[in-house]
Amino acid sequence: MDPHRSSISCHSHQSSYKRQRDDSGRSPRENKHFRTNTQHQYRSESALGQNPLSCRTLSTRRELYERDFPVYKQPVEVGCFSLDSERRFFNDSRQMRYYVEPDRNPNFNLRDGYRDRFIKRDDSVKERLDHILRWIVANKSKINPTGAAASPRALDVDFVTWRGHLTKLLTTPYETREGWLLAVTRFRGTFYISEVETEAARRERENRTERHEEMMYWGYKFEQYTCADNTHSLPDPGGVVNTNEAFCTVVQTRLADHRLLFSGEVDCRDKDPKAPAAPACYVELKTSAEICTPKQRSNFHRFKLLKWWAQSFLPGVPRVVAGFRDQEGVVVSVETFHISKISHLIKNEYNCWKPTVCMNFCCDFLSFVKRVVTEDSPRVVYLFSWDPYKDVTYSAHRDSQYCFLPHWYVEEMTRSEDSQYEPKA
Ligand code: 0WD
Ligand code: CA
């Protein structure tokens with residue numbers, strides 16, 4: 001038998017998992033999440049674990065996740081980083097911006113500057129987890145505060161990922177249009193999750209209409225109207241919008257028994273020096289089409305507020321400031337949404353989304369990952385795949401195009417782990 005395949009095959013693991021679950025005395029209903037998958041979506045190159053019996057799936061049906069809200073610890077900011085106008089990484093907050101409250105009816109023209117004062121990030125460049133990994137290498141002591149000897153792992157967290165990837169997981173039980181691919185590598189006990197662009201997403205990116213391209217600019221233009229570079233200055237709507245620039249927070253938290261470390265881009269913070277500490281001082285900025293009919297209001301509650309809630313709830317950002325714009329791209333009104341009040345706002349909506357379903361699905365997906373991803377190696381990627389109305393499936397790949405942990409990171413983490421046992425100077 002191919003040693004690569006046997007080492008990664010989840011067949012023996014599967015039976016041990018089943019035994020474990022059955023012994024736990026939990027109801028057989030819980031096992032409905034997992035069933036034998038007889039299909040194989042990825043038979044590519046060195047696809048491992050091809051024994052169909054060894055493959056299992058995770059259901060995304062909402063009703064399976066209507067349980068008590070899982071424990072989600074208050075996210076703690078453990079650091080931040082900045083990406084400059086050329087997308088260079090800095091281990092500091094130099095790109096932090098300050099929120100300047102606009103007029104309630106401001107008439108901001110979001111189309112201004114699209115042709116002549118816009119530098120767009122090249123979104124065909126896939127950065128994967130690189131910026132977060134750079135931050136980890138520069139801040140290892142902040143993540144393992146108790147010191148290395150206590151733990152044999154390189155990092156004292158279970159999962160490292162982007163906040164945006166977790167947002168996609170939270171909204172999955174309600175998503176009917178876009179599927180996802182998430183690559184997972186287990187390295188020194190930690191699971192790294194990095195998105196892979198789907199074929200459909202690539203086609204959409206490469207075939208955007210001019211109108212769509214311009215509308216993507218509008219969100220960044222709204223940021224320029226409402227953010228200042230420091231606490232004493234005002235926004236400069238005459239400047240250049242450059243989407244390479246970013247300020248990212250790095251937070252640590254726990255979802256049930258999953259310890260998470262993730263990073264997310266933050267638009268700006270409250271400029272009052274007496275504002276609460278991060279992430280509670282952060283403000284998320286959004287634009288949305290103005291709401292003129294009951295149908296539009298209902299859609300806003302069902303789809304937009306779900307995405308806004310999930311994205312900001314995860315890192316503990318308490319408020320979203322929304323600019324509502326007309327068809328011509330003019331912001332006609334501005335409204336603040338408090339994340340903690342969004343679930344009340346949607347209560348009157350028939351058959352609407354539920355935060356507990358989002359969180360329980362994410363939690364069960366992370367448990368699924370922990371069970372499936374058994375081989376600990378930067379050379380192995382388990383690719384989790386989901387399409388609307390389907391179950392989550394996976395396949396395993398060694399030395400494939402999906403590998404995403406860079407050599408510099410693997411070397412740095414291996415070196416620092418060995419050095420833990422060296423006498424301290
Ligand atoms: O290359 C990629 N496909 C990805 C890049 C996937 C995931 C993240 N990233 C990078 C982004 O370039 C950005 O620097 O990570 C950072 C943001 O990560 P996140 O906070 O986890 O992502 P998300 O919550 O999806 O987006 C937050 C904001 C967006 O604001 P809105 O209000 O539109 O949700 O980050 C920005 C955007 O302003 N953003 C991006 N900026 C440039 N390129 C991108 C992107 N691909 N994705 C999101
Ligand atoms: Ca935003």
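Is Glu-328 buried, partly exposed or exposed, and what is its relative accessible area? Glu-328 is partly exposed, with a relative accessible area of 49%; here buried means under 20%, exposed over 50% and partly exposed in between, with a 1.4 Å probe and protein chains only.

The model is predicted, so local features need pLDDT of at least 70 and side-chain atom pairs count only at pLDDT 80 or more, while totals for chains, interfaces and linings use all residues. Residues are numbered from 1 along each chain as its sequence is written, chains are lettered from A and ligands numbered from 1 in the order in which they are written, and side-chain values use heavy atoms, with hydrogens and water left out.

Glu-328 forms a salt bridge with Arg-111, at 3.9 Å from N to O; a salt bridge is a side-chain nitrogen of Lys or Arg within 4 Å of a carboxyl oxygen of Asp or Glu. The two residues are 217 residues apart, Glu-328 in the loop between strands S18 and S19 and Arg-111 in the loop between strands S7 and S8. Strands are DSSP runs (E, at least two residues), as are helices (H or I, at least four), numbered from the N terminus. Arg-111 is also partly exposed, at 34%.

By this rule the structure has 33 salt bridges. In one of them, the side chains of Asp-364 and Arg-67 meet at 3.0 Å. Because Asp-364 lies in helix H10 and Arg-67 in the loop between strands S3 and S4, this pair ties together parts that are 297 residues apart in sequence. Asp-364 is buried, at 14%, whereas Arg-67 is partly exposed, at 35%.

Attention now turns to the ligands. Around ligand 1 there are 14 residues, of which Arg-87, Arg-121, Gly-164, Glu-265 and Lys-286 come nearest; a residue is near if one of its heavy atoms lies within 4 Å. A backbone N or O atom of Glu-265 lies 2.7 Å from an oxygen atom of ligand 1, and a side-chain N or O atom of Lys-286 is 2.8 Å from an oxygen atom of the ligand. Such polar contacts are pairs of N or O atoms within 3.5 Å.

Conventions:
A polar contact is a pair of N or O atoms within 3.5 Å; within protein, one must be able to donate a hydrogen and the other to accept it, and residues adjacent in sequence count only if both atoms are side-chain atoms.
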